[in-house]
Amino acid sequence: MTTRTTWTSWPSWEALSGTVRTRPRKLITWSVRVGLLTAMLWGTFSGGQFGPWEIVLGLVGVLGCAFAARAFFRTSLEHRLWPSLGLLALLMLVAFGAQQAGADVPAVILWCGCAITALERLPLTAGLPATAVALGAYAVVNTDGWLSTAMSTAGLSLAGYVLRLDAEARGNAQRLLVQERAARKAEAETAALDERARIAREIHDVLAHSLSAQMVHLEAARLLIEREPAGEFRDQVLERVVAARAMAREGLAETRQALSALRGEVSPVEEFLQQLVATDPARVSVEGEQRTLTAEASQTVRRVAQEALTNVRKHAPGARVLVRLEYLPDEVALEVSDSGGRRPGGELSGSGSGYGLLGMRERAELMGGTLEAGSGEEGFVVSLRVPA
């Protein structure tokens with residue numbers, strides 16, 4: 001079974017494509033091709049006087065052989081046996097015609113080239129007969145004696161087989177290298193997932209438990225305050241406690257989302273944006289072909305959307321908001337724009353450090369993206385673009 005497979009199998013794609021060749025090898029290959037083309041042109045037009053039509057016919061023949069050889073390389077790369085054999089037969093017929101016309105040098109080059117490439121690029125069951133036919137034709141026209149002819153044909157056969165073995169060896173080495181790189185990448189991804197899981201456990205044990213405890217205490221404080229007699233001070237304290245409890249609840253939800261992202265269990269960005277604007281006069285627009293984003297890109301989009309909506313609630317409460325998410329071929333774009341509004345004079349309008357969007361811009365730049373924020377036609381516009 002192994003012997004039959006060896007005889008009927010094609011050389012690997014890596015061996016036929018030449019992608020594993022080094023720069024010196026590629027330079028040598030192209031030098032050989034240019035040299036053979038030059039030799040064919042010289043052998044076609046040397047040794048006589050030619051008219052215009054003969055020159056045109058000779059050029060067409062040489063260039064046609066070059067295109068046929070290129071087509072043979074392509075069909076053999078695609079493992080198409082009969083087209084490859086047909087092209088070899090065509091080149092051999094052209095060599096026979098050139099020999100009959102007195103152009104012995106192009107004929108010998110074509111026969112020897114067909115013999116070597118057939119043995120190098122075709123299955124052995126097809127390559128050996130094609131090589132035998134080409135070398136047989138070469139032996140018939142060779143007038144250097146039987147010993148020289150035998151040595152030449154043996155050398156050409158050996159050269160074709162050695163080139164085949166060399167290409168296969170380099171192709172196998174390339175496949176092993178690709179497999180090793182894939183294994184290392186998978187190992188690195190596994191280590192990263194393990195580290196993320198460890199960080200998620202630490203965050204859950206510290207931050208999530210702390211926020212949950214705060215919510216319990218704030219709820220208890222709310223119940224105690226509600227038992228007190230109604231009054232302006234009591235109502236103000238109750239309002240702040242309720243707001244603090246809501247903030248703790250939102251912080252806990254965001255923490256759980258971050259934990260899910262670290263564990264690779266991220267909900268679609270579109271769903272997150274819809275939930276984010278559920279309580280606002282906002283609209284979400286999604287354009288492009290939706291796809292799963294990387295964890296880093298997904299988190300960046302989520303955080304920028306959160307920061308932009310927080311700024312709208314703070315500086316332009318009640319303004320209409322449009323959140324537009326666009327999937328581009330190599331990146332994802334997010335734009336949050338509002339219709340403008342007045343800045344409230346309340347004490348909370350100036351809360352915050354003012355570094356939210358700056359931090360998001362730095363986060364986007366670390367991913368190779370951009371974040372721009374500024375005044376638009378009506379209100380404020382935040383635009384994010386990150387690779388994804």
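Helix 10 passes helix 11 in a right-handed crossing. This is a predicted model. The two axes, of helix 10 (residues 269-276) and helix 11 (residues 295-315), come within 11 Å and cross at roughly 15°. Angles under 35 degrees count as roughly parallel, so helix 10 is roughly parallel to helix 11. On the helix 10 side, V269, F272, L273 and L276 make the contact. Helix 11 answers with S298, V301, R302, A305, Q306, L309 and R313. By class, this contact has seven nonpolar, two polar and two charged residues.

A second pair is formed by helix 5 (residues 81-100) and helix 6 (residues 104-121). They pack at about 160°, with axes 7 Å apart. Angles over 145 degrees count as roughly antiparallel, so helix 5 is roughly antiparallel to helix 6. Their crossing is left-handed. Helix 5 contributes L88, L91, M92, V94, A95, F96, A98 and Q99. From helix 6 come D104, A107, L110, W111, C114, T117 and A118. The classes here are twelve nonpolar, two polar and one charged.

| Helix pair | Axis angle | Axis distance |
|---|---|---|
| Helix 10 and helix 11 | roughly 15° | within 11 Å |
| Helix 5 and helix 6 | about 160° | 7 Å |

Now the whole protein. Its secondary structure comes to twelve helices and five strands. Of its 388 residues, 32% count as buried. The protein exposes about 23,500 Å², and carbon and sulfur atoms supply 60% of that area. Among contacts between residues at least 6 apart in sequence, 68% join residues at least 24 apart.

Key: Residues numbered from 1 in each chain as written. Predicted model: local features only at pLDDT ≥ 70, side-chain atom pairs only at ≥ 80, totals over all residues. Heavy atoms only, no water. Axes fitted to C-alpha atoms, helices over the stretch in contact; angles between N-to-C directions. Helix = DSSP H or I, 4+ residues; strand = E, 2+ residues; numbered from the N terminus. Parallel < 35°, antiparallel > 145°, perpendicular 65-115°, else oblique. Left-handed = near helix turned anticlockwise from the far one by under 90°. Contact = heavy atoms within 4.5 Å. Nonpolar A, V, L, I, M, F, W, Y, C, P; charged D, E, K, R; others polar. Buried < 20%, exposed > 50% of the residue type's maximum accessible area, 1.4 Å probe, protein only. Areas by Shrake-Rupley, 256 points an atom, 1.4 Å probe, with all protein chains shown as cover.
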